[in-house]
Amino acid sequence: MAVSVFDLFSVGIGPSSSHTVGPMRAARRFADSLAAEGSVAAVARLRVELYGSLGATGAGHGTPGAVVLGLEGADPETVDPTAARSRAAEVADTGLLRLGGGPEVAFDMAADIVLSLQPMEFHSNGMVFSAYSGDGSQLAQRVYYSVGGGFVVDEEQARAPSRDDVGLPYPFRTGAELVALAVENRCSIADLVAANEEALGNGPRLRTGLLNIWSVMRECVGNGLSADGTLPGRLHVRRRAKALAHSLQDDPTDPLYAIDWVTVYALAVNEENAAGGRVVTAPTNGAAGIIPAVLHYYWRFVPGADEDGVIAFLLTAAAIGQLFKANASISGAEVGCQGEVGSACSMAAGGLAAVLGATPAQVENAAEIGIEHNLGLTCDPVGGLVQIPCIERNAVASVKAITAARMALFGDGNHHVSLDTAIKTMRDTGADMADKYKETSRGGLALNVVEC
């Protein structure tokens, strides 16, 4: 199945696309499958097994609560974040879960959700859902994988051969093919992606859907800039976006004023994500601040910025994200943070370059610079929380994306390292990376920072 722009940019809640959004979607799919089979009324007990980094850092990423909400029929795009937290706490207190929003089933979150550090074969982030009748016999069992960015596949989909480009007018699997198509058809990369989205049936909603994504990003920034205090969890990380924004308003003459605002925008988004607020996976929650921050830079500081530019930015970024999804990974549990922050930085760099007037070759160059200088980035969240180093890492990568776009515009598109080579290198580096650096909180900063 082809990856759409609306797959790469989807609305969800924090703190993690792979650990919160994906498990909620998987749990809902399981509940829906029970309803389709007509077996919901017979269910007396449920068991959920979480593997790999889901087991290692799921507690800090809100995975148990997300599973509960999904089993009750909640969807990450529409669920109210505040109500979600209170409902998960209520299930933990009462031991009763409304399966699919219907009958109550006994559910002990501490006992019926099993955390295992053992990775599953297809992908580290595996989930096994089982339902049992009153006499203990198994009614159903399903296996799902949260493969990054909120994407979920079941066993059948995991075994199926990839057919990403079937039926598309402009199929591409590599950056070289993408640039060649744009040059051959004398159009922009955004135009190619728009035509592909039309073939996927998304034409009528493409503009309104992308502007809605932009609206949610802006709302997330606004929420982040209005909140203060500390973030949830034992680290007691202090929110900084609001205070920093106020300090910038006092001194607009600073030569790095615009760059400081980029930092603020990224901090605002990722503080909201860490607090479990509503965000756009772009392409993941852990890297959700980069594309919104760079888009805000375009919107506020680039003369002539308009909604058409926002759409072109997102479509171009999506093309680059599709390359990462097809040829490497956007999952921190699979390749480390280079797959999350690195991919987002590359996508933002390409998107910004496009709306600043870059040729397709210059867009590819910008995207390559964005990922090349994030290669080897580990995923080592302190305390299993998407806070340290994740929040600041988004801010730094946002500035890096702007630099990458500007560097590419200074050139003519010719460069030594191709985007395809950089993506392959990212994939190979992820394969060589020790598992303790892949979202397990068992290495790097997570091991060496003393929690207070």
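How do the residues of the lining of the second largest cavity divide into nonpolar, polar and charged? They come out as seven nonpolar, one polar and one charged. Here Ala, Val, Leu, Ile, Met, Phe, Trp, Tyr, Cys and Pro count as nonpolar, Asp, Glu, Lys and Arg as charged, and the others, Gly among them, as polar.

Before we go on, note that this is a predicted model, where local features need pLDDT of at least 70, side-chain atom pairs count only at pLDDT 80 or more, and totals for chains, interfaces and linings use all residues. Residues are numbered from 1 along each chain as its sequence is written, and side-chain values use heavy atoms, with hydrogens and water left out.

**How the empty space is found**

- Rolling a probe the size of a water molecule over the atoms shows where empty space is left.
- On a 1 Å grid over the protein atoms alone, a cavity is a set of points where a 1.4 Å probe fits but cannot get out.
- A pocket is an open set with protein on both sides within 12 Å along at least five of seven lines, and lining residues have an atom within 4 Å of a point.
- Grid points are joined across faces, edges and corners, and a volume is the space filled by probe spheres set on the points.

**The two cavities**

- Searching the whole structure turns up two cavities of 30 Å³ or more.
- The largest cavity has a volume of about 160 Å³, and 19 residues line it.
- Nearest the centre of the largest cavity you'll find Gly 286, Glu 340, Cys 379, Val 386 and Cys 390.
- H2 and helix H18 (390-410) are the elements that give two or more residues to the lining of the largest cavity; helices (H or I, at least four residues) and strands (E, at least two) are DSSP runs, numbered from the N terminus.
- By class, the lining of the largest cavity has eight nonpolar, seven polar and four charged residues.
- Domain 1 (5-159) and domain 2 (175-437) each provide at least three residues of that lining; the domain bounds come from an automatic or database domain assignment.
- The second largest cavity holds about 40 Å³ of space.
- Among the residues lining the second largest cavity are Gly 175, Leu 178, Ile 320 and Glu 364.
- Helix H8 (175-184), helix H14 (307-327) and helix H17 (360-372) each give at least two residues to the lining of the second largest cavity, and H8 gives the most, with three residues.

**The second largest pocket**

- This pocket has about 440 Å³ of space.
- It has 25 lining residues, and the closest to its centre are Gly 14, Pro 15, His 61, Gly 62 and Arg 85.
- Helix H2 (17-36), helix H3 (53-61), helix H4 (63-71) and helix H5 (81-94) are the elements that give two or more residues to this lining.
- The lining of the second largest pocket has 15 nonpolar, nine polar and one charged residues.
- Domain 1 (5-159) and domain 2 (175-437) both give residues to the lining, so the second largest pocket lies between them.

**Cis peptide bonds**

- Gly 14 and Pro 15 are joined by a cis peptide bond, with omega about 10°.
- Pro 15 sits in the loop between strand E1 (10-13) and H2.
- Another cis peptide bond runs from Ala 282 to Pro 283, with omega near 0°.
- Pro 283 is in the loop between strand E9 (278-281) and helix H13 (290-301).

**The nonpolar core**

- A nonpolar core is a set of buried Ala, Val, Leu, Ile, Met, Phe, Trp, Tyr and Cys residues joined through side-chain atoms within 4.5 Å.
- Buried means under 20% relative accessible area, exposed over 50%, partly exposed in between (1.4 Å probe, protein chains only).
- The largest nonpolar core has 107 residues, and those that touch the most other members are Phe 9, Met 217, Ile 291, Leu 295, Phe 313, Leu 314 and Leu 352.
- H14 gives the most to this core, with eleven residues.

**Two residues in one loop**

- Glu 439 lies in the loop between helix H19 (419-432) and helix H20 (445-448), and its phi is near 65°, a positive value in a residue other than glycine.
- Glu 439 is buried, with a relative accessible area of 4%.
- Ser 441 lies in the loop between H19 and H20, with phi near 60°.
- Ser 441 is buried, with a relative accessible area of 18%.
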